[in-house]
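Cover the overall fold, the helix packing and a few individual residues.

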Amino acid sequence: MLDFDTDLFLLLNAGATPNTVVAWLAIFIAKFVILVIPLYLAWLWIAGGRRNRLTAVALVLAFLLAIVLSYLIGLVAFRPRPFMAGVGHALVEHRPNGSFPSNHGLAFAVSAALLFMIRRRSAAWWAAGLGLLVAWSRIYIGVHYPLDMLGAAILAVPLAMASLWIMDRHGKAILSVLEHLQALALRPLARRMRP
């Protein structure tokens, strides 16, 4: 299986002489498309409404669960990134940490899974589409194997389910605490703005 993964990586990787435009596009996608996620979370929170804010909290909770699981997997089953193993060509420098699963892939996959589960289909399709672009780009620039992305997609479903399970039991209380903290943080600003 790992041999197939390496062969597929070499097929999708930039190679020794990549097209300049494609390489630039891949680097841009790999580095900056992830910023869509915090922008979407900020929009959900600022737009207000209970459903939007509960969605934002559920997504953040899913991301926290994903970070913890990814870290634990890295401790138990460390897999070096392709450039650490001398495989393919890396177009960017990256920390020499574990390759599996891809945290970028996991962020988009868990977003898509959770958004599909709560029937926010338009946003879910956007997350899935952007996630596929990010997956391609991170393989192309040489920092992940294809199985890192597939593993992220598989892990995303139970992580989204776990987040929604917690939200079902404690979501309203978590949201209430966060809104209270927001009110406390904004109180000095509100005082300054009074005539």
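A residue counts as buried at under 20% relative accessible area, as exposed at over 50%, and as partly exposed in between, with a 1.4 Å probe and protein chains only. By that rule, 39% of the 195 residues of the protein are buried. The model is predicted, so local features need pLDDT of at least 70 and side-chain atom pairs count only at pLDDT 80 or more, while totals for chains, interfaces and linings use all residues. Residues are numbered from 1 along each chain as its sequence is written, and side-chain values use heavy atoms, with hydrogens and water left out.

**Overall fold**

- The protein has seven helices and zero strands, where helices (H or I, at least four residues) and strands (E, at least two) are DSSP runs numbered from the N terminus.
- In sequence order the pattern reads α-α-α-α-α-α-α.
- The C-alpha trace spans about 65 × 40 × 30 Å along its principal axes.
- Among contacts (heavy atoms within 4.5 Å) with a separation of 6 or more, 79% are between residues 24 or more positions apart.

- Two packed helices are described by the angle between their axes and the distance between the axes.
- Axes are lines fitted to C-alpha atoms, for helices over the stretch in contact, and angles run from 0 to 180 degrees between N-to-C directions.
- Helix 2 (residues 20-32) packs on helix 6 (residues 121-140) at an angle of about 120°, and their axes are 8 Å apart.
- That angle makes helix 2 oblique to helix 6; under 35 degrees counts as roughly parallel, over 145 as roughly antiparallel, 65 to 115 as roughly perpendicular, and the rest as oblique.
- Their crossing is left-handed, a term used if the near helix is turned anticlockwise from the far one by less than a right angle, with right-handed used if clockwise.
- From helix 2, Val22, Ala23, Ala26, Ile29 and Ala30 meet Leu133, Val134, Trp136, Ser137, Arg138 and Tyr140 of helix 6.
- The residues of this contact comprise nine nonpolar, one polar and one charged; Ala, Val, Leu, Ile, Met, Phe, Trp, Tyr, Cys and Pro count as nonpolar, Asp, Glu, Lys and Arg as charged, and the others, Gly among them, as polar.

**Helix 3 against helix 4**

- Helix 3 and helix 4 (residues 50-76) pack at an angle of about 145°, with 7 Å between their axes.
- The crossing of helix 3 and helix 4 is also left-handed.
- Ile37, Tyr40, Leu41, Leu44, Trp45 and Ala47 of helix 3 meet Asn52, Arg53, Thr55, Ala56, Val57, Leu59, Val60 and Phe63 of helix 4.
- By class, the residues of this contact are 11 nonpolar, two polar and one charged.

**Leu41**

- Leu41 sits in helix 3 (residues 36-47) and is buried, at a relative accessible area of 15%.
- Apart from neighbours within four places in sequence, Leu41 contacts Ala56, Leu59, Val60 and Phe63.

**Loop residues**

- Phe100 and Pro101 are joined by a cis peptide bond, with omega about -10°.
- Pro101 is in the loop between helix 4 and helix 5 (103-117).
- Arg119, in the loop between helix 5 and helix 6, has a positive phi of about 65° although it is not a glycine.
- Arg119 counts as exposed, at 62% relative accessibility.
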